[in-house]
Amino acid sequence: MKTISRLVHQPRNMGDFSAAALGPLVLVNRQHPLQSGFSALLTPPDEQFPHILLETQAARMLAACLQEVEAQGHIVPVSGWRSHKEQQAIWDDTLAREGEAFTRTYVAVPGCSEHETGLAIDLAQAAETIDFIRPELPYDGICGDFRRAASRYGFVERYRAHKTNLTGIGAEPWHFRYVGVPHAQYMEAHDLCLEEYLALLADHPLTWTLQNGRRVTVRRVTDPQTLPPADGPRQVSGDNLGGFVVTDWEAAL
């Protein structure tokens, strides 16, 4: 996969907390705009669509998920990373064509769009004509296979109809957000949107056992450096709420 360096980084370890402040669990919505300085290495998840980019780890995981369900040629990327300028243009164009109510339901306010992080992807069932704003991604067939596999690869359907009051965005069955493993699996199993998941972590740490038998503990903290050293792998991501999500994996035997 070809990687493109753009200033739009997912942290790999605890060494650099300024970088960790950016990571895959960053919350971006109307109440929490994307902070300046967010950066990422971008990669096309599908080489047939080299102009559609995602954060590199997200792109690799999406490609692996699509390969597992044999969706190549059946599910296509429609929109990935967008610059702030592009998001503004989409907002302005949709506002002019569809009006304010439609635009506020289906288009994020510029600066408040997950697409600007490189962690979000809009997908569609392959067709001659695809609606850029509301692409068709059914819940059955191979698209259903993808939906059932997505959380194992770190993706969640971000905007569900019954969560609109929390996300501020209407139902978008085509919009998937990379939050990483194991977070996507927990969110899917407990029917949580990202806003709910981060709020839950603010109340208390979560510990559970994955399907492979390995235990994981996830907590939100204000300063990861106050935590004792980890026995196993540790991942840190900022939440864009002034804190960090720390994920501790049980040490491998």
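This is a predicted model: local features need pLDDT of at least 70, side-chain atom pairs count only at pLDDT 80 or more; totals for chains, interfaces and linings use all residues.
Residues are numbered from 1 along each chain as its sequence is written, and side-chain values use heavy atoms, with hydrogens and water left out.

Let's take the sheet. Helices (H or I, at least four residues) and strands (E, at least two) are DSSP runs, numbered from the N terminus. Two strands pair if DSSP finds at least two bridges between them. What we have is an open sheet of four strands, in the order 4-5-7-6, with antiparallel pairing. At the edges sit strand 4 (75–79) and strand 6 (155–159), each pairing on one side only. From one strand to the next, the twist averages 45°; angles run from 0 to 180 degrees between N-to-C directions, with axes as lines fitted to C-alpha atoms. Strand 6 and strand 7 (residues 172–178) run antiparallel, joined by four bridges. There, V156 stands opposite R177 in strand 7.

Now the inside. Buried means under 20% relative accessible area, exposed over 50%, and partly exposed in between, using a 1.4 Å probe and protein chains only. A nonpolar core is a set of buried Ala, Val, Leu, Ile, Met, Phe, Trp, Tyr and Cys residues joined through side-chain atoms within 4.5 Å. So which residues of the largest core touch the most other members? Out of 25 residues, they are L62, I75, I121, L123, F146, F155 and F176. Helix 2 (56–68), strand 5 (120–125), helix 5 (141–150) and strand 7 each supply at least two residues, and helix 2 gives the largest share, five residues. Apart from this core lies another, of 19 residues, including L25 and L201.

Zoom in on F155. Contact means heavy atoms within 4.5 Å. Beyond its neighbours within four places in sequence, F155 is in contact with residues including L62, I121 and F176.

Helix 5 has buried residues too: C143, G144, F146, R147, A149 and A150. Those residues pack against helix 2, strand 4, strand 5, strand 6 and strand 7.

Last stop, P110, in the loop between helix 4 (100–106) and strand 5. Is P110 buried or exposed? Buried, with a relative accessible area of 14%. Leaving out residues up to four places away in sequence, P110 touches H84, Q87, Q88, W91 and E116. P110 and I75 are 35 residues apart in sequence, and 27 Å apart in space, C-alpha to C-alpha.
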